[in-house]
Amino acid sequence: MAQVTLRKVVKNYDQTPAVRGIDLEIADKEFVVLVGPSGCGKTTTLRMIAGLEEITGGDILIGADVVNDVPPKDRDIAMVFQNYALYPHMTVHENMSFGLRLKKVPKEEISKRVQAAAQILDISELLQRKPKQLSGGQRQRVAMGRAIVRDPKVFLFDEPLSNLDAKLRVQMRTEIKKVHQKVRTTTVYVTHDQVEAMTLADRVVVMNNGRIEQVGAPNDLYHTPMTKFVAGFIGSPAMNMIPCRLEKAAGGLRVTLSDGVSFPVPEDRTARYEQHLNNGQLLFGLRPEHLMDAHAHANPHQHPFDVTLEVTEPMGMETLVYFPINGIDICARVSPNAGAQAGSRLRLLADLDNMHLIDDTSGRVL
Amino acid sequence: MVDSAIRVGTANGAARGGLHRLMRRKSTIAFFMALPLIALLAALVAYPAGYAVYLAMLSKSMERFVGFGNFTFLFGRDTFWQVVYQSCLFAITAVVFKAIIGFVVAHFVHNIPAKGQRKWRGMLLVPWVIPPAMSTLAWLWLFDPSYSAFNWVFDHIGIGRVPWLGEAAWARFSVILVNVWIGAPFFMIMYLAALKSVPDQLYEAAAIDGASWWQRIWYITLPMMRNIIAITALFSLIVTFANFDIVRVLTAGGPLDYTHIFGTWAFRVGIEGGDIPLGAAVSLFMVPILAVAAIFILRDITRRGSEV
């Protein structure tokens, strides 16, 4: 078990930068998820920690040791690959024990550890099978088993669930979380799926364009995103962002979205926002779940406004409704009983306690 | 498709007897479609093979039937057993070296960046692409005792001249060397294709599992290539065993029959020696040996087919 430290890590492919200097401290036993769109450098970062990619600059430490030039086999890490990378000519048992056999661990010890890992993952009956006789989910378990038996300092997961179907993905997600609660090994997990990131992580690292946008606990990222990118990336459906003007009005500040729609800013934010009164590049951010139908119980910071619906998407437990403000499509989550229908008028409540004001020029959330 | 189309065509003639039913069957149609090829094989393979068996049972003048006389005669001759030994030595040594060299070169080529790889692949294939009779002629000049480049160099660096084709051991070495030179590119290209089909992630997984470079080859590359290695080696074994042109051009079996293999000795006995039945008998000895290899190949291919 060990912490992992990245100091100003840079990776260039020829002249193209893939990772532009990231700093990250991962504590012992922590489950950290690197998340971001494809091409953001998250997989490259993971592969640099694994030693499969050379680093162009900076330092990577596992425990207290700088491992920049240590080959993967001496880093004492285990990795689960997206396509599992099981050895097709070996049985499940041989796959799982391969690393231990190379290390010349005694046979009884190997057998004991494989059995124990198989127990955790519920694959004891599959030990004598070849990978091609296994389903996708079973292969995934074997790949995890191969990592667990090694008892490494760090687990690395490279989009391990993206080859599974939606139902199995949710199931394996829970499985991974359970395994981590049992073995408590420091884990770095890469995914492009923000739901996976939110559900699994102790801390989420949101990456974009080779840089870290924000590091934080899942709830912090959701409630207090620091950048426009994080605000838009975390949460599904994504946060609505509407160009707005900030104006002084009687009793405080108002944000005006269009001629017809304008909301008062909650008093506790007045001081924070006041300096941006003359900023012409502001975005008003509000998540769909903070736009609800007027039948819900309202509090003082929930302000009603009327819209004409364009599209409705019933999901069962809720209905997503879409309507334009100033030509921008806005999404709201309303109760399925609200009677929302395309073309109909609906009164919505905007929960301004959860509003965000974003400076579009700097990309900062104010 | 075919089946149903024909069934429609003869739907009202269902009771027209067994012949019609036979003609309607898929297997019958398949047989007729394959008939031209079967006829071709019969004319070019089955007939010569049968004729060779017939010839092998005639006397030297080809006027009298002698049964297995030619075979028993061969069993009693030392030269025959020498040819058996030399054929096996030639085929096995050559295939082993072709396989090893092909494997090593394939690894080098595999590690050349994709840009320059095609160029190298093309150049390395040249020995295999040139007609062997022609390239062997070039080797014949290289092996010339007095005027060749090899001996000139050896002379100048003080090693002295090597009797490449004049001494039994050297002649065998030279014949095998040329065969390896011609055949190794085939192994290289087959192994290269096999190497490319091994996913990189397996090597990465093995590297993380703690495997060294050598262990990755031993535990990943070789097992993953096992089928290709077996098929290529067996295929090459057959072709090498039945070789004719290299030995014929280089040594014509000499010195003193020390490089004869089945093909060249059959030619010497049958065509040059004027004893066609005995020559046919010699060449027939290749059949059981090659048949064993062929069975192994076919078995391996079927097994491989059922694995996928």
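These are my notebook entries on a predicted model with chains A and B.

**Entry 1: chain A as a whole**

I began with the overall dimensions. The C-alpha trace of chain A spans about 80 × 45 × 35 Å along its principal axes. I then looked up the secondary structure and found 9 helices and 22 strands in chain A. Chain A has 366 residues, and 42% of them count as buried. I also checked how far apart in sequence the contacting residues are. Among contacts in chain A with a separation of 6 or more, 66% are between residues 24 or more positions apart.

**Entry 2: the domains of chain A**

I looked up the domain assignment next. It gives domain 1 as residues 4-228 and domain 2 as residues 240-365 of chain A. I noted a distance of 39 Å between the C-alpha centres of these two domains of chain A. How many residues of domain 1 of chain A are in contact with domain 2 of chain A? I found 4 residues of domain 1 in contact with 4 residues of domain 2. On the domain 1 side, the touching residues divide into 2 nonpolar, 1 polar and 1 charged.

**Entry 3: strand β3 of chain A**

I picked strand β3 of chain A, residues 31-35, and asked whether its residues are buried or exposed: which is it? I found 5 of the 5 residues buried, so β3(A) is largely enclosed by the rest of the structure. I sorted them by direction. A:F31, A:V33 and A:V35 point one way from the strand, A:V32 and A:L34 point the other way, and all are buried.

Then I looked for the strands that β3(A) is joined to. One is strand β8 of chain A, residues 186-191, which runs parallel to β3(A) and is joined to it by 5 bridges. Another is strand β9 of chain A, residues 203-208, also parallel, with 4 bridges to β3(A).

**Entry 4: helix α5 of chain A**

I moved on to helix α5 of chain A, which has 18 residues, 166-183. From first C-alpha to last, α5(A) reaches 26 Å, close to the 26 Å expected at 1.5 Å a residue. Which residues of α5(A) are buried? I listed A:M172, A:I176 and A:V179. They cover an arc of only 65° around the axis, which means they sit on the same side of α5(A). The cover over these buried residues includes α3 (107-121), α4 (136-149) and α6 (194-200) of chain A.

I checked the face turned away from the buried side as well. That face of α5(A) carries the exposed residues A:A166, A:K167, A:T174, A:K178 and A:Q181. After the helix comes A:R184, and I noted that its phi is positive, near 45°.

I looked up chain B last. Chain B is divided into domain 1, residues 2-55, and domain 2, residues 69-307. The C-alpha centres of these two domains of chain B lie 40 Å apart.

For the contact between the chains, I found 15 residues from chain B and 16 residues from chain A. On the chain B side, α10 (200-208) and α11 (213-241) each supply at least two residues. I noted that α10(B) gives the most to this side, with 6 residues. By class, the side of chain B that touches chain A has 9 nonpolar, 4 polar and 2 charged residues.

Methods: Residues numbered from 1 in each chain as written. Chains lettered and ligands numbered in written order. Predicted model: local features only at pLDDT ≥ 70, side-chain atom pairs only at ≥ 80, totals over all residues. Expected span 1.5 Å × (residues − 1). Buried ≥ 20, exposed ≤ 12 C-beta atoms within 10 Å, placed from the backbone. Arc of directions from axis to C-beta. Contact = placed C-beta atoms within 7 Å. Domains from an automatic or database assignment. Nonpolar A, V, L, I, M, F, W, Y, C, P; charged D, E, K, R; others polar. Pairing = 2+ DSSP bridges.
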